[in-house]
Number of protein chains: 2
Amino acid sequence: METGGRAGGRVTLATVASALGVSRATVSNAYNHPERLSPRLRSRVLRTAGELGYAGPDPLAATLSRGRVNALGLVYEDPMSFAFSDPAAVLFLQGVSEVCEREDLALVLISGGPGSAVARVALVDGVICYCDIPVDGKLAAIVERGLPFVVVDGPQVPGAGHVGIEDRAGAAAAARHLIDLGHTRLGVVALPLVDDEWEGTADLDRQDRARYRASRERLLGYQDAVGAAGLGWSAVPVEERSPYGRDAGRRAAAALLARRPRPTALLAMSDELALGAMAAAADAGLSVPGDVAIVGFDDVPAAADAHPALTTVRQPHREKGRRAAELLLRRGSPGPAGDEHRLPVELVVRASTGPPPGR
Amino acid sequence: METGGRAGGRVTLATVASALGVSRATVSNAYNHPERLSPRLRSRVLRTAGELGYAGPDPLAATLSRGRVNALGLVYEDPMSFAFSDPAAVLFLQGVSEVCEREDLALVLISGGPGSAVARVALVDGVICYCDIPVDGKLAAIVERGLPFVVVDGPQVPGAGHVGIEDRAGAAAAARHLIDLGHTRLGVVALPLVDDEWEGTADLDRQDRARYRASRERLLGYQDAVGAAGLGWSAVPVEERSPYGRDAGRRAAAALLARRPRPTALLAMSDELALGAMAAAADAGLSVPGDVAIVGFDDVPAAADAHPALTTVRQPHREKGRRAAELLLRRGSPGPAGDEHRLPVELVVRASTGPPPGR
DNA sequence: GGCGACTACTAAACCGGTTCAAAGACGGCG
DNA sequence: CGCCGTCTTTGAACCGGTTTAGTAGTCGCC
């Protein structure tokens, strides 16, 4: 299908140049450096180009010489449609896109993780990995390509920028809050610890093998608080479901709430999981926080709108997105200083937590 | 900052070739056409490449020769962060991204509309315009570039694909539903009609100038039903607020509900607007549907979760996204057949509508 | 009238690959 | 032994521009 070209081959800069009897450099200049051209010739060039149906320098070819694509990649591990249904990811995307707009950059969404076929060939100046990078084993395509990149929430990778939050401290604050309220029987609604789609109660061994950095750190945070309170960590059930959405939280919480003695408080590793847990409590005819207290992690908008409003650990999702994008843009300039950002979190106490029943 | 290159210039295919004393074609073949090479030489090439720190053919250069970028652009008119907070847009994005993943394509988000600087240079094989294209006046950069493109919900553009829904029929069904229930005093909570950020009651003249195709069609649909019922359209106030989010709905509805006599039913052009209108009703101490009936448009997930659940016009957002992407991929093959898709809508009656008070 | 400074434009190298026709090596076959 | 087909590998053109060094031509000035 004809998309602008002429029958006898495509109209290129050279076509225009020879039609006018000028050099290609001149035509190029007419578009990119008007001041290097007499106004008269420039307008002749532009007019002829118009008549020939020349749409201006091909951005791809221009990019090849200039070396800059003006696009920023965002790598996600799961299908992108998951990202769009995860409110935390959406907030993060908003932060990234704000910077892209300000800098006139396109935002290239790359799914399938840093080793995918798309990641191998995507035309970008740099990449934000909104996922874990497998530090062990085979390197990711992104790394191999030598593209500047920033890892968000994942592990620190040599040579890459990093943006994260105080996962461990935040999780500890959440657990401490429950413990301070008097809870002693806790349960954890966990994000996936390993990318094997496994479901069940994660024992200490599996907890130890946790691959996802955020999951691991939050688990450690809970553990810190439980340990500090003199409660035994091994008595705290950690329920893992896959994938990481609201339904997973519902199912994990259902399992926890079916235990006897029943936990009086649930620590959810994300708000989506927590909201699922609230649904599970309702399913079981339990009141929140009367029968069971629930605390989330993220503070997405839905947390404040929930009934009861969700106690959670607030993290600055949009800011994380902005920082990641800005960090990536600064890459290329010297000085590894400021290549790591660890953003603070804050416990937000709302209505979903209270003292345990009978206290 | 060094990102993979050597001090003495970047490592290219030519570097590897001369290091081995073979031609560049051979090195290229080692990556792209292994079968054209003796296994022995191929492994030599790959090994040397590894030693030299060559990351494989540069995708950008490869693209230039091959002519295909393997990326699909999505143009949005407002800031992308708006798109991410619009549930309908998010569903649409999910549909598009599903196809991208299946086809191993990157999804390039382009904000600022089809004439923006980013649209002018974005490296994509084709573009989906999730926004109106200004058919009059200056052509969009996308059109000028001769890229294949598909317009969604917008006007039909010669040479472009098109995906839309039965806006007019859907809107008419919504209005008819209210009229059948006995409502005679209606009000419209409108999406922006013109891109001038104007706010107020849109008179017939402004309604006539409505630039956004979906807004215009829905307005016509309402008008169809009102006219068919023998009610006067000019008596129906159309409140316009900007931008198009929940807060706009709340403010527009507040203005409508402050009128005397008060409308007994509100037609909202989107679910977000309708949800805002429900908030406005609550603000005014009115019950829904007891004092005022509300019907939306879109059927986003939040519509079913609302209290009361929202009566609305369902449209297949994800399917629209999938269709748009697939249509774009098919472009380039002959036959304009099937270049236009108009998807059906369906009135979904829930709890937010009922008979007018005192009837 | 000669010198230097500008201005306007061009030639050629370069960006980093892909591709295709053709050349060379090699083995099989009559 | 000579001819031919097959398998490897290569040279050169090509993708569509950008850029830098340099060349005419013009002007001002002493």
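B:Arg218 lies over the face of B:Phe297, 3.9 Å from the ring centre; a charge sits over a ring if NZ of Lys or CZ of Arg is within 6 Å of the ring centre and within 35 degrees of the ring normal. This is a predicted model, where local features need pLDDT of at least 70, side-chain atom pairs count only at pLDDT 80 or more, and totals for chains, interfaces and linings use all residues. Residues are numbered from 1 along each chain, chains are lettered from A in the order written, and side-chain values use heavy atoms, leaving out hydrogens and water.

**Charge over ring, chain A**
- The charged end of A:Arg218 sits over the A:Phe297 ring, 3.9 Å from its centre.

**Aromatic pairs**
- Over all chains there are nine aromatic pairs (Phe, Tyr and six-membered Trp rings with centres within 6.5 Å; planes under 30 degrees apart are stacked, over 60 edge-to-face, the rest tilted).
- A:Tyr76 and A:Tyr130 are stacked, at 5.9 Å centre to centre and 20 degrees between the planes.
- A:Tyr76 is in strand S1 (71-76) of chain A and A:Tyr130 in the loop between strand S3 (126-129) and helix H8 (141-144), so the pair ties together parts 54 residues apart in sequence (helices are DSSP runs of H or I, at least four residues; strands are E, at least two).
- B:Phe92 and B:Tyr130 are stacked too, with centres 4.1 Å apart and planes at 15 degrees.
- Ring pairs also join A:Tyr76, A:Phe92 and A:Tyr130 into a cluster.

**Burial**
- A:Tyr76 is buried at 5% relative accessibility (buried is under 20%, exposed over 50%, partly exposed in between, with a 1.4 Å probe and protein chains only).
- B:Phe92 is buried at 0%, and B:Tyr130 is buried at 14%.
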